[in-house]
Amino acid sequence: MSMVSLVGAGPGDPELLTIRAFKLIQSANVIVYDRLVSKPIIDLCNPAAEMIYAGKAMANHTLQQESINELLADLALKHESVVRLKGGDPFIFGRGGEEIETLAEKKIPFQVVPGITAASGCAAFSGIPLTHRDHAQSCIFVTGHLRNGEVNLDWKDLVAPHRTVVVYMGLTGLEKICESLIRYGRSPETPAALIQQGTQSKQRVFTSTLEGLPTLVAQSEVSAPTLLIIGGVVSLKDKLEWFKPEA
Ligand code: SAH
């Protein structure tokens, strides 16, 4: 019986794969992977597997979402083990739900393998705990993706005190995001960090305040993927930083 596995690859460091993910990528017949899956993880995949790139650069959708859903269903008919490999966790801003909905409708067997999401990976590898008794009792994950040039978020919810805000896909909208948080009441002095290529050998971390971060980032030739973390917890980085990326 064929099986489609929707597998989270984590944030990039291959040692952060789960054992189940590792076993599956080593034995799959075909692997449909995303732009966010790091090169060292691709290198661990079964050399005999057919590799299909389904990455999505923002304006240039290599494969439209619907065709990915259909592709997985088609592949399942031809192969015993199909892996759909996605960056981070497939159920966190990964459209993993949509991809298996089609399989569920067609009664094709599937399983979901969680991965370390960018928030956990970037936080750990930059020494920024997402919650902390002195700084944050809650943490919220949002997408900063722009729609018609605007970031539509429930800003009132994001300015609650003692709350860490983690923004995925927030690089293009960075200035708008920081501005809006200040406008809705978060202090301009709130610590904020942007982590580029978290957990990977080229990780870079930019720390500033809500007010200062957009300028710092604009001057620093930052490239995606990046994750934005906002809140008092960011101030712990100086003390808790441990990871030494390649110089
Ligand atoms: N399913 C993924 C998220 C997909 S959305 C997960 O759970 O992590 C894509 C966004 O994730 C990127 O725009 C970026 O904000 C974030 N991201 C993923 N990997 C990252 C990394 N290694 N470093 C920084 N941000 C990352």
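**Exercise 1. Decide whether Asn69 is buried or exposed, and place Asn69 in the fold.**

Step 1: Asn69 has a relative accessible area of 8%. Buried means under 20% relative accessible area, exposed over 50%, and partly exposed in between (1.4 Å probe, protein chains only), so Asn69 is buried.

Step 2: Asn69 sits in helix H3, residues 65-78. Helices (H or I, at least four residues) and strands (E, at least two) are DSSP runs, numbered from the N terminus.

Step 3: Leaving aside residues up to four places away in sequence, Asn69 touches Glu98, Glu99 and Thr102; contact means heavy atoms within 4.5 Å.

A note before going on: this is a predicted model, where local features need pLDDT of at least 70, side-chain atom pairs count only at pLDDT 80 or more, and totals for chains, interfaces and linings use all residues. Residues are numbered from 1 along each chain as its sequence is written, and side-chain values use heavy atoms, without hydrogens and water.

**Exercise 2. Work out which residues of helix H1 (residues 19-27) are buried, and what covers them.**

Step 1: The buried residues are Ala21, Leu24 and Ile25. They lie on the same side of H1, because they cover an arc of only 95° around the axis, taken from the directions from the helix axis to the C-beta atoms.

Step 2: Turn to the other side of H1, and you will find Ile19 and Lys23 exposed.

Step 3: The cover over the buried residues includes strands E1 (3-8), E2 (30-33), E6 (81-86) and E7 (110-113), along with helix H2 (39-42).

**Exercise 3. Find which residues Val83 touches.**

Step 1: Val83 belongs to strand E6 and is buried, at 0% relative accessible area.

Step 2: Not counting residues up to four places away in sequence, its contacts include Leu24 and Ile25, both buried in H1.
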